[in-house]
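Subject: Handover of a structure

Dear colleague,

Please find the structure below, followed by an account of what was found in it. I would be grateful if you would read the two side by side.

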Amino acid sequence: KRAQVRPIELETPSVDMMAAKLSSGEARSILIAGTAGDGKTYHARKLWVKLGGDEKAWDRHEKTKLLQLPSGRTLVFVKDLSELTPEQGLDVLFGLETSVLLPEHTTGYVIACNHGQILDRLRTFRSPNDGSSSRLVDDVQRALLEPGFQIPGLVLNDLGGAAQRH
């Protein structure tokens, strides 16, 4: 912006897929996973805009952003899971689990995350309600390792994998 140069635009074919799955209700939440430099935040931004979010609002320095969908559902966008404090991360993971496990839940999550970061946080997660462990950790780990493994209500878009998993 300071140099008044247009940013590089990359193809993001999975953004259309993610938007369609969220809009149809097939997915209630999305993990955009990968390693450093894979474009996790870039894909999250493109999805934000595709779903009607304002680009200028994305540029604000908040770690999470809320987007109201026409369906009445709310999406919480997390630009980078590693930037959240442990307490903020707990709130996000609790919300993620709730959105995936309870189809009637009206808030979903789009989380840009490093493979190791999401697995580590899920492994150490304890529900604020009853102290139970994450019910998603095994499925997320399996989805990262097995192309084609599906988690009902959740899309894992692995930008770091050889083939993206839908």
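**Findings**

Methionine 18 is part of helix 1 (residues 13-24); helices (H or I, at least four residues) and strands (E, at least two) are DSSP runs, numbered from the N terminus. The model is a predicted one, in which local features need pLDDT of at least 70 and side-chain atom pairs count only at pLDDT 80 or more, while totals for chains, interfaces and linings use all residues. Residues are numbered from 1 along each chain as its sequence is written, and side-chain values use heavy atoms, with hydrogens and water left out.

With a relative accessible area of 0%, methionine 18 is buried (buried means under 20% relative accessible area, exposed over 50%, partly exposed in between, with a 1.4 Å probe and protein chains only). Residues up to four places away in sequence aside, methionine 18 touches Ile30, Ile32, Leu47 and Asn157, where contact means heavy atoms within 4.5 Å.

Leucine 47, one of the contacts of methionine 18, belongs to helix 2 (residues 40-50). Leucine 47 is also buried, at a relative accessible area of 0%. Beyond its neighbours within four places in sequence, leucine 47 is in contact with Val15, Met18, Ala19, Leu22, Ile30, Phe77 and Val110. Valine 15 and leucine 47 are 32 residues apart in sequence, yet 5.6 Å apart in space from C-alpha to C-alpha.

Helix 2 also holds alanine 44, which counts as buried at 0% relative accessibility. Not counting residues up to four places away in sequence, alanine 44 touches Ile32, Trp58 and Phe77. Ile32 is also among the contacts of methionine 18, and Phe77 is among those of leucine 47.

Glutamate 83 lies in the loop between strand 3 (74-78) and helix 4 (86-101). At 42% relative accessibility, glutamate 83 counts as partly exposed. Its contacts, leaving out residues up to four places away in sequence, are Lys63 and Gln88. From C-alpha to C-alpha, glutamate 83 is 20 Å from lysine 56, and the two are 27 residues apart in sequence.

**The protein as a whole**

The protein has six helices and five strands, in the order α-β-α-α-β-β-α-β-α-α-β along the sequence. Its radius of gyration is 15 Å, close to the 15 Å that the globule rule gives for 166 residues, so the protein is as compact as a globular protein of that length; the radius is taken over C-alpha atoms, and the rule is 2.2 Å times the number of residues to the power 0.38. Along the principal axes, the C-alpha atoms fill a box of roughly 50 × 35 × 30 Å. Buried residues make up 46% of the 166 residues. Of the contacts between residues at least 6 apart in sequence, 61% join residues at least 24 apart.

**Confidence**

The average pLDDT (the predictor's confidence in each residue, from 0 to 100) is 89, and 90% of the residues score at least 70. Over residues 162-166 the pLDDT is below 50, and this stretch has 17 contacts in the model beyond near neighbours in sequence. Where pLDDT is low, the predicted coordinates should not be read in detail.

Yours sincerely
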